[in-house]
Amino acid sequence: MEWSFLFVFNSVLLGVGLAMDAFSVSVANALNEPKMKKSRMCGIAGVFAGFQALMPMVGWICVHTIVQAFTAFEKFIPWIALILLALIGSNMLVEGLRSKGAEEAPPGVGLGALLIQGVATSIDALSVGFTIAGYNWVMALAAALIIAAVTFVICMGGLTIGKKFGARLAKKAQIFGGIILIAIGLEIFLTGIM
């Protein structure tokens, strides 16, 4: 493929498709933390965008170096996403049920959990390395950066939506956020194995 409007358009569409899981997790994170500051929102969206850029490049590198190993690993992607999101979601759900009577806001997602969410929601983007395998490394990097920019914008939207509803659902937000994360893990798993 050459540099063109079609290249940018395809990259944007890839970004939109890949960002949907990160969008949903962003909503869940903001439901859990309705008083989230803009800088934290940018940090969370930045983590998701970073992973969405990194994974296609890792996939691209695998295609150009170790295709056999990546193909063998690909069948585990749905399982990894399910396990990671189910663990985080279950933890949020349990914490939400335990703090039923608590008036204070639940703590926001920590850095470790955020990094796990970033991996879990972007691991399917490894497969995008196959779709961009025909690109040279500069075009692959440009596509990955476009995907990251789209993901950042979509996640900021998800965080904004989550904050708005999180303030209204304050006591149930952590439970709802945990359920959302578990549901996303199941969706990634079922889509991946079918």
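Tutor: A search of the whole structure finds zero disulfides, a disulfide being a pair of cysteine sulfur atoms within 2.5 Å. This is a predicted model, in which local features need pLDDT of at least 70, side-chain atom pairs count only at pLDDT 80 or more, and totals for chains, interfaces and linings use all residues. Residues are numbered from 1 along each chain as its sequence is written, and side-chain values use heavy atoms, with hydrogens and water left out.

Student: Is Cys-62 buried or exposed?

Tutor: Cys-62 is buried, because its relative accessible area is 11%; buried means under 20%, exposed over 50%, and partly exposed in between (1.4 Å probe, protein chains only). Cys-42 is partly exposed, at 36%.

Student: What about Ser-26, and which residues is Ser-26 in contact with?

Tutor: Ser-26 lies in helix α1, residues 5-32; helices (H or I, at least four residues) are DSSP runs, numbered from the N terminus. Ser-26 has a relative accessible area of 0%, so this residue is buried. Leaving aside neighbours within four places in sequence, Ser-26 is in contact (heavy atoms within 4.5 Å) with Phe-48, Cys-155, Gly-158 and Leu-159.

Notes:
Helix = DSSP H or I, 4+ residues; strand = E, 2+ residues; numbered from the N terminus.
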